[in-house]
Amino acid sequence: MTKNKLAGLPSVDRLLQRTELEALLEDHSRKALKTAIQEVLVQIRQGILKEDKELPEDTEIIEMIQNKLEERSSEFVSLKRVVNGTGTIVHTNLGRSCLASSIAESFQEIAFHYSNLEYDLKEGRRGSRYDHIRKIVQELTGAEDALVVNNNAAAVFLVLNTLAKGTEVLVSRGELVEIGGAFRIPDVINHSGGTIKEVGTTNKTHLVDYQEAIDEETGAIMKVHTSNYRIVGFTESVEYDQLAKLAHEHGLPFINDLGSGLLIDLQPYGLPYEPTVKEVLAKGTDIVTFSGDKLLGGPQAGIIAGKKEYIQMMRKNQMTRALRVDKFTLAALERTMALYLDEEKVLSEIPTLAMITESKENCLLEAQNLANEIRQLKLPLTVDVKVSAAAIGGGSYPEWTIPSTVVTLKSQQFSASQLEEQLRSQKIPIIGRISQEHYSLDIRTLQREDFTVILDALKNIFKPNTANQ
Ligand SMILES: *Cc1c(COP(=O)(O)O)cnc(C)c1O
């Protein structure tokens with residue numbers, strides 16, 4: 001029996017003559033194809049010998065060879081697309097923000113061609129990479145000047161290292177926070193060469209606390225957005241304009257770490273009040289720092305905006321070179337920010353904002369669509385649609401949830417955690433949530449293109465012949 005099966009195995013040469021495989025030579029060398037064929041034949045032979053498997057049809061063998069070739073190159077590529085079904089929009093572990101597809105073409109132009117990254121086209125000589133972003137930041141925030149570095153942590157560091165090295169920085173005790181990934185405001189201040197001078201108490205800080213803390217050692221007053229946590233109840237903090245006034249009376253810079261770079265007011269979409277970058281600058285902040293990939297919806301970056309004289313000092317700081325951004329970041333950031341010039345369109349164009357502002361009625365409709373498409377596959381699965389609560393994430397709007405809808409999947413064959421693992425192991429991994437023994441995918445963080453990925457994954461998991469898995 002086994003002998004017969006082995007005798008039926010096609011030879012490498014016979015397979016090489018198949019037109020389907022010949023077509024692969026367009027993308028792969030003959031040597032690579034031959035190696036893949038040999039590996040697949042060894043795999044089949046072992047399957048027959050050790051597990052008494054059947055001899056696959058030629059078409060199946062060809063498919064295995066095609067997969068092998070693909071696998072070979074993807075085996076060494078680790079960073080890949082995933083589907084975010086968690087309902088957390090700015091998900092730091094899943095890459096935070098997805099770029100707007102409308103910038104893809106012009107972004108590619110920079111990636112695949114030379115550019116004027118550090119070249120002044122007017123003068124025909126060396127320019128600065130930091131000149132690019134200035135104009136759009138000025139337009140959107142009213143800042144005099146701007147500088148972009150690797151991320152907001154780097155931005156905070158650079159600001160303090162430039163403006164407050166060897167001095168004391170006044171920060172409210174309630175704002176000495178850890179943001180996540182072990183980014184602690186006190187540590188950053190210390191690393192930048194400044195010293196913290198805590199002001200007030202955890203829940204209450206008054207203007208007089210700052211006034212009394214100022215002495216000849218003071219180098220700056222800093223306000224930090226507490227981002228991922230909130231003190232509720234008996235609380236008080238000092239307004240931006242009051243702190244700005246106090247700082248300026250003493251000739252000190254007033255620095256603001258805003259965390260998320262909110263460029264438009266999201267209150268009309270049902271979100272609680274959050275200050276925009278423009279607003280805090282208008283209230284007298286000298287320097288504001290924020291992330292490019294949180295609420296702004298762009299690439300990872302730290303944007304420093306504010307007074308020209310301070311930004312100029314930062315440009316001259318040697319550390320700027322170590323924290324500098326590459327052309328991909330600049331291209332994506334500039335183009336993402338340009339989308340904000342049309343305040344209405346930006347909401348649908350930037351995925352992060354679209355996900356935040358999508359109506360709950362639309363979420364329900366889309367969830368029903370996805371559920372129906374899954375049901376049509378007629379797999380052994382119970383598919384339901386349920387209300388849920390999505391989160392903004394990235395330390396923005398803590399404790400705030402947005403009404404959303406989940407598609408839940410229940411199977412006889414797999415437990416919720418087995419199903420989770422199966423979906424997570426697909427070619428395009430799908431990351432969902434398990435709650436109350438149900439596997440669920442939150443519609444708010446799914447993109448339309450994710451639907452087919454989910455359908456293909458489920459077909460793959462539940463297809464009758466899972467033998468080769
Ligand atoms: C998120 C955050 C940071 C860190 O920003 P990254 O861009 O992740 O480096 C710093 N400060 C605040 C207040 C934040 O919310």
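Analyst: A polar contact is a pair of N or O atoms within 3.5 Å; within protein, one must be able to donate a hydrogen and the other to accept it, and residues adjacent in sequence count only if both atoms are side-chain atoms. In this structure, a polar side-chain atom of N151 is 3.4 Å from an oxygen atom of the ligand. The model is predicted, with local features needing pLDDT of at least 70 and side-chain atom pairs pLDDT 80 or more, while totals for chains, interfaces and linings use all residues. Residues are numbered from 1 along each chain as its sequence is written, and side-chain values use heavy atoms, without hydrogens and water.

User: Which residues around the ligand come nearest?

Analyst: A residue counts as near with a heavy atom within 4 Å. There are 12 residues around the ligand, and A153, S227, D257, S291 and K294 come nearest.

User: How many helices and strands does the chain have?

Analyst: Helices (H or I, at least four residues) and strands (E, at least two) are DSSP runs, numbered from the N terminus. The chain has 20 helices and 16 strands, and its C-alpha atoms fill a box of roughly 95 × 55 × 40 Å along the principal axes.
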